[in-house]
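Subject: Structure for you to look at

Hello,

Here is the structure I promised. Please open it and keep it beside this email as you read.

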Amino acid sequence: MLLALAEPTTTYYLILAALVFAIGSVGLMVRRNPLVMFMCIELMLNAVNLTFVALATRFGNIDGQTAVFFVMVVAAAEVVVGLGIIISVLRRRPGATADDLAELKG
Amino acid sequence: MLAQDTFFTAPEIEWWHISPMLTLVGGALVLLLVGALTPRWPRGLYGLVTALTAMTAGVLAFLQWQEIDDDGPATLIDGALAFDHLTQLLTIAICAAVLLVALVTIDELDIAGKDGPEMYAMFLIAATGAVVMSSANDLIVLFLGLETLSLALYVLAASDRTPRSQESGLKYFILGGFASALFLYGIALVYGTTQSTNISEVAASFTTNVSLEGDPPLILAGLALLIVGLGFKVAAVPFHIWSPDVYQGAPNQVTAFMASVGKAAAFAAMLRVLVIALPFQRDDWRPAIWVLAVLSLVFGSLLAAVQTDVKRMLAYSSVSHAGFILVGVEAAGHDSAGEGMPSVAVYLLLYSILTVGSFAVVAIVAHSNGGDSSIGAFNGLASRRPAVAVALTVFLLAQAGVPFTTGFIAKWGVIQAAIEESSYALGIIAMLSAVIAAFMYLRIMVSAWLTDAEGDVARETVPFASAAAITAAALFTVVVGIFPEWLLHAAESVTQYAR
């Protein structure tokens, strides 16, 4: 019984992924540093990757595993674009937080 | 272990059928590579190449229309892409919008003294992503198209090196990335229920495994995430918060692009995901779409009426347009073979051209006022530039849905579709909010025609390419508004989608 509990099943991975995803989305909402917010988005994408891999292993079909490759490529492209934008903002206004960027409103 | 079971057979690739998107990618690569290797091209040539590329892609999509009539819709590349009239109609809409935006961009970059191939290449790449989204028959392919479009749009929004543009780019990036992650988790949960990401197989899995106890919770959670992700992309209330800031901060031509191509692609994705992939969950997602539609209609038009900046006004007006299109999506949720899908496709085509024209006029006025796009900048426009004021009036009347313009055809289509499916409440709310929105459009018109400018205001310069784009868009708005039968007839076949 105890051994069966210790054996990780797909459900464990899915719950872990859901938790990581929740940490990422809460982090995005409470943190104010653009770089940290961006890292939270990456955390969410990786949580989805974990979900895909866990499900693909359970189903024994390859769709989920190929999806992960595509998501990794997209995440890499997002890093390139995101860091470019964030650095160009921070260079103009060092130490800016998301709350400081409030020129556009109405 | 998995790989040993089956030998990999490369899928057949239908090169002719995917030629519109190949043309767009090709144009972007030519601009980037040849543009980088050769000295600066003559003024406006980058823009002309872009416009020609978009036109070629649009014509190719048009040529394939008859083929689908003859052979029926099909899926391409082992079921990854759909080849049907919905794809073709939206491809044509996207290409037409890119064509007009490219013309406007020629002048915008010329005035700023920043002529170069980069922005045009980003437009073409974003348009490719949009075409992929509207033709995707696999949720992962759809996600890739979404990201291709979004990543290019983040860069475009931040492309002007002013603090406003950078702020808009950063806001768009953070919120867009968040929405993409939610959407992707939705795909993962749908995969968890159906064991496939292919739209054909997702839909088929519910015909073979019918559950008597209702839908499993996993698919409901996935559906919720998909709707939130798509809601962000189409800027439906309450997921619209990014759109006014981003629309106002981004350069004018980029705003025009976002409002036309971005919206068309996002709604294409919504049709593919909700109506085509998950028709068996329609009783679960339709109420959510109903709520989104009502909120977008009411808040979009109310908030638009109190804005003082015309770009922000048009941003909120695009939120209210999103509400109208959602009315059509809701109708498609009742019956995917009914009026809903054609009305959405027609709305997207007409609205794309309309909105590019509106933003082109705003760009002309803003330039002569040192970048100021507040409503005061429009004072006395009719006495300085009557032709521009007439074009502006045509676009605003059309956005308000006045008869004999394309805007009327579009709004009438979605409301009629809602009535047909007995969504009377939704139809009435849509009509009432159109009245509220009309107030805001009238405010801009009053400022242009009846209010005199304070002091001496320089006469607006109207560059040639922008003038051509505005004339074409205004003529289209009026002519198709008076003779819409051919378009409505062509759009009827959108309901025969590939899956």
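What pattern does chain A follow, read along the sequence? The pattern is α-α-α-α. Chain A has four helices and zero strands. Helices (H or I, at least four residues) and strands (E, at least two) are DSSP runs, numbered from the N terminus.

Two notes before you go on. This is a predicted model, where local features need pLDDT of at least 70, side-chain atom pairs count only at pLDDT 80 or more, and totals for chains, interfaces and linings use all residues. Residues are numbered from 1 along each chain as its sequence is written, while chains are lettered from A and ligands numbered from 1 in the order in which they are written.

Back to chain A. Its C-alpha atoms fill a box of roughly 60 × 30 × 25 Å along the principal axes. Of its 106 residues, 32% are buried (20 or more other C-beta atoms within 10 Å of a residue's own, with C-beta atoms placed from the backbone).

Now the interface. In chain B, 35 residues are in contact (C-beta atoms, placed from the backbone, within 7 Å) with 33 residues of chain A. Helices α6, α7 and α10 of chain B each give two or more residues to this side. The largest share, 17 residues, comes from α7(B).

Last, look at α3 of chain B, residues 45–71. Its buried residues include B:Tyr46, B:Leu60 and B:Gln64. Among the elements that cover them are α2 and α19 of chain B. Just after α3(B), B:Gly72 takes a positive phi of about 85°.

Best wishes

Technical notes
Expected span 1.5 Å × (residues − 1). Buried ≥ 20, exposed ≤ 12 C-beta atoms within 10 Å, placed from the backbone. Contact = placed C-beta atoms within 7 Å.
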